[in-house]
Amino acid sequence: MKGYIHSIETFGTVDGPGVRYVVFTQGCPMRCKYCHNPDTWFSDKGQWTTSDELLAKAMRYKSYWKADGGITVSGGEPLLQIDFVIEFFKCPNNTFHKISVHCFVGVLRILFDSGIIHLIENLLRTACKLFVFCKTFNG
């Protein structure tokens, strides 16, 4: 399976515990006023890659992660590509399981309302941590 990836940060220190390999997915419907990554909004941009290719790139940096670090999938909104994210976590070559996901509560609600809760359950079985962000909108 393939997904759209906006960019990679190989030595992230603010997107989870320890040193993180941060994958920024492409696409987000929220349009938050003070978004840190507005260039990730549009789904048809970004680099098209497979989960195996992405994991192979990430594993080159494993020695920097030590005991606390790992991989974070952020965005954009990673849950818009939930099948890709789940497959990335379940890659046969993934022997490192300290993976976390950053997502927005609004998109989680969309997935719950769509009746595809089984995807959220699969994600929770594979992710080490799930960071859910609640944002308040005025007007």
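Author: What follows takes the labels in turn and sets each value against its definition.

Author: This is a predicted model, in which local features need pLDDT of at least 70 and side-chain atom pairs count only at pLDDT 80 or more, while totals for chains, interfaces and linings use all residues. Residues are numbered from 1 along each chain as its sequence is written, and side-chain values use heavy atoms, with hydrogens and water left out.

Reader: Where in the chain is confidence lowest, and where is it highest?

Author: On the pLDDT scale, which gives the predictor's confidence in each residue from 0 to 100, strand β5 (residues 99-104) is lowest at a mean of 63, and strand β1 (residues 2-12) is highest at 95. The mean for the chain is 80, with 75% of its residues at 70 or more. Strands here are DSSP runs of E with at least two residues, and helices are runs of H or I with at least four, numbered from the N terminus.

Reader: What makes β1 and β2 a pair of strands?

Author: Two strands pair if DSSP finds at least two bridges between them; β1 and β2 have five, in the antiparallel sense, and Gly12 stands opposite Arg20 in β2. β1 is also joined to strand β3 (residues 47-50), again antiparallel, by four bridges, and there Gly3 has Thr49 as its bridge partner.

Reader: Why is the pair of Tyr4 and Trp48 called tilted?

Author: Rings of Phe, Tyr and Trp (its six-membered ring) pair if their centres lie within 6.5 Å, and planes under 30 degrees apart count as stacked, over 60 as edge-to-face and the rest as tilted. The centres of Tyr4 and Trp48 are 4.4 Å apart and their planes stand at 45°, so this pair is tilted. It links distant parts of the chain, since Tyr4 lies in strand β1 and Trp48 in strand β3, 44 residues apart.

Reader: Why is Trp48 called partly exposed?

Author: Buried means under 20% relative accessible area and exposed over 50%, with partly exposed in between (1.4 Å probe, protein chains only); Trp48 has 45%, so it is partly exposed. Tyr4, at 27%, is therefore also partly exposed.

Reader: How do you know that Arg31 lies over the face of Phe42?

Author: A charge sits over a ring if NZ of Lys or CZ of Arg is within 6 Å of the ring centre and within 35 degrees of the ring normal. Arg31 is placed over the face of Phe42, at 4.9 Å from the ring centre.
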